[in-house]
Amino acid sequence: MTKTRLMALLTAIALIVIGVAQYKVGLIGEFVLMGAFLGITMYRSEYGLYLLAMALPILTYRPLLALILLFILVMFVTPQDYERMKSNLKNHLNLAVFLFWAALLVTALTSVHVVESMQQFLLYFFVSFLLYLLLVAKINSRDVLYKFLISLFISAALVSIYGVYQYFTLDFTTAAWVDVSQNPDVKTRVFATFENPNLFVQYLIMVLPFNFALIFYTRSWTNRILLTILAAIIGVAVILTFSRGGWLALFVGVGVLATMISRRLLVVGLIAAVIGLNFAPDVITHRILTIFEPKTDSSSAFRFQIWKAAPPMIREFWVTGIGSDLTTFKKVYSDYMMPGVKANHFHNIYIMNFVTGGIMTILLLLYMFYQSFRTAVVSLFVNNGKNRLVSLVAKGGIGAVMAIGIAGLTEDVWHQYRVDFMFWITLALISVAFNLSRQEKENV
């Protein structure tokens, strides 16, 4: 055992001992978890990636942050293939992500409440950026990519099962999540480990396209059936969130994905959807129909009201925005809001980024979305069918980004850390698909 590994092992043991010595049960668990994670990651770094994927929808922010930082520490104290890592970071999507991150930094530094905005930047945006770089740098093979995705699917299915359990055990849904006058039959909207159903569905609609795509990768019928079961469980949870925006976003994202895989899939899917709607419970069909009557639904009307405050805020802070933290938003928004229309965010990522980050941030956000699609498409041409896994991951990435981009029209998808992390994981997977395609072409 090398001195570096020995030191890391001793650190892991020390963390466990410290955790046991703590009198708080929660801290004991966290320190034991950190020690175990450090030891496992030192043994095989890819195992740390799989554990991060499994932990994403289960752990709270503090232990997730600790795991990410511990992984970064391991990268510094163990030998790395720096040439490969440097090569992995050289593509247009990575540049777009870096520029967007830089714009967020400028926004934080020029915020009307710079201390609060810098705290937000360091605790969330900077950590998300580190997670993105970590995945792009460390997922260097098809095997690691496949197992990382499987870990994502399993953890998503586990929290989906918990969500389904909630549907049958919770007695009611808070009035803030559903307009009872328009949806009298909606008694429960599931949210699993997330703060509300809309956040839960945002996470799921980024995972499901990748899960759906990989069903067509494996040649083993056993694996194909297992992946189908995982996708079905996640799909049921999506339905039980009763999120109309999530349903619409997933329909479009998976529809585009199905078309890219096989146009016959799209036809079969549309036929199945039409037949399914005829047999769907009234509570679901009625919920879908309310999409076409936004002015009669209180949640839709609420969004229209809060959006009215955006134009004057943009006119006043159009250069660098007000700052991205919740405290700053509440203070500034209160001067522009419609009477009685209180909000913590704009329920729209495009409006939200324009207000909080100004013209530079919104343009770079759009550029980042463009580069995510472009990078995925380029990887398909570079790959040219040679590697089916990479091809399907690129297609799944297109479906996932399209889904979250549409969901972002009615929700702020960076309002919760799990959704935030999953968004950057999605972009990282597209970057990884491009890098693997490029590597295989260079090795031919």
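Reply: Start with a cut-off: a residue is buried if its relative accessible area is under 20%, exposed if over 50%, and partly exposed in between. Keep in mind that this is a predicted model.

Me: Why is Phe242 called buried?

Reply: Its relative accessible area is 1%. The limit for buried is under 20%. So Phe242 counts as buried.

Me: Where does Phe242 lie, and what is its phi?

Reply: Phe242 lies in the loop between H10 and helix H11 (244–261). Its phi is positive, about 55°, although Phe242 is not a glycine.

Me: What is the phi of Ala192, and where is Ala192 found?

Reply: Phi of Ala192 is near 55°, a positive value in a residue other than glycine. Ala192 is found in the loop between H8 and H9.

Me: Is Ala192 buried or exposed?

Reply: The relative accessibility of Ala192 is 5%. Buried means under 20%. Therefore Ala192 counts as buried.

Me: What makes Arg388 partly exposed?

Reply: Its relative accessibility is 39%. Partly exposed is the range between the buried limit of 20% and the exposed limit of 50%. So Arg388 counts as partly exposed.

Me: Where does Arg388 lie, and which residues is it in contact with?

Reply: Arg388 lies in helix H18 (residues 388–407). Leaving aside neighbours within four places in sequence, Arg388 is in contact with Phe216 and Tyr217. The C-alpha atoms of Arg388 and Leu214 are separated by 9.4 Å, and these two residues are 174 residues apart along the chain.

Me: How do you know that Arg303 is buried?

Reply: Arg303 has 11% relative accessibility. The cut-off is under 20%, so Arg303 counts as buried. Arg303 is found in helix H14 (residues 298–307).

Me: What makes the pairing of Arg303 with His347 a polar contact?

Reply: The distance between their side chains is 3.4 Å. The limit is 3.5 Å for a pair of N or O atoms, with one able to donate a hydrogen and the other to accept it. The side chains of Arg303 and Glu411 also make a polar contact, at 2.2 Å.

Me: Which residues is Arg303 in contact with, leaving aside its neighbours within four places in sequence?

Reply: They are Asn198, His347, Thr410 and Glu411.

Me: Now the helices. Why are H6 and H7 called roughly antiparallel?

Reply: Helix H6 (residues 92–109) and helix H7 (residues 114–138) pack at about 170°, and their axes are 9 Å apart. An angle over 145 degrees counts as roughly antiparallel. Therefore H6 and H7 are roughly antiparallel to each other. Their crossing is left-handed.

Me: Which residues make the contact of H6 with H7, and what are their classes?

Reply: From H6, they include Phe98, Trp101 and Leu105. From H7, they include Phe121, Phe125 and Phe129. By class, this contact has 16 nonpolar, two polar and no charged residues.

Me: Why are H8 and H9 called oblique?

Reply: The axes of helix H8 (residues 142–169) and helix H9 (residues 197–214) cross at roughly 135° and come within 10 Å. That angle lies between the perpendicular range, 65 to 115, and the antiparallel limit of 145. So H8 and H9 are oblique to each other. The crossing is left-handed.

Me: Which residues meet between H8 and H9?

Reply: In H8, Tyr146, Leu149 and Phe153 are among them. In H9, Phe200, Tyr203 and Val207 are among them. By class, the contact has 12 nonpolar, three polar and no charged residues.

Me: What makes H8 oblique to H10?

Reply: The axes of H8 and helix H10 (residues 221–240) cross at roughly 45° and come within 8 Å. Roughly parallel needs an angle under 35 degrees, and roughly perpendicular starts at 65. The angle falls between these limits, so H8 is oblique to H10. H8 passes H10 in a left-handed crossing. The contact includes Ile150 and Ile154 of H8 with Leu230 and Ile234 of H10. By class, it has 16 nonpolar, one polar and no charged residues.

Me: How many helices and strands does the chain have, and what percentage of its residues is buried?

Reply: The chain has 19 helices and zero strands. Buried residues make up 52% of its 444 residues.

Technical notes. Residues are numbered from 1 along each chain as its sequence is written. This is a predicted model: local features need pLDDT of at least 70, side-chain atom pairs count only at pLDDT 80 or more; totals for chains, interfaces and linings use all residues. Side-chain values use heavy atoms; hydrogens and water are left out. Axes are lines fitted to C-alpha atoms, for helices over the stretch in contact, and angles run from 0 to 180 degrees between N-to-C directions. Helices (H or I, at least four residues) and strands (E, at least two) are DSSP runs, numbered from the N terminus. A crossing is left-handed if the near helix is turned anticlockwise from the far one by less than a right angle, and right-handed if clockwise. Contact means heavy atoms within 4.5 Å. Ala, Val, Leu, Ile, Met, Phe, Trp, Tyr, Cys and Pro count as nonpolar, Asp, Glu, Lys and Arg as charged, and the others, Gly among them, as polar. Buried means under 20% relative accessible area, exposed over 50%, partly exposed in between (1.4 Å probe, protein chains only).
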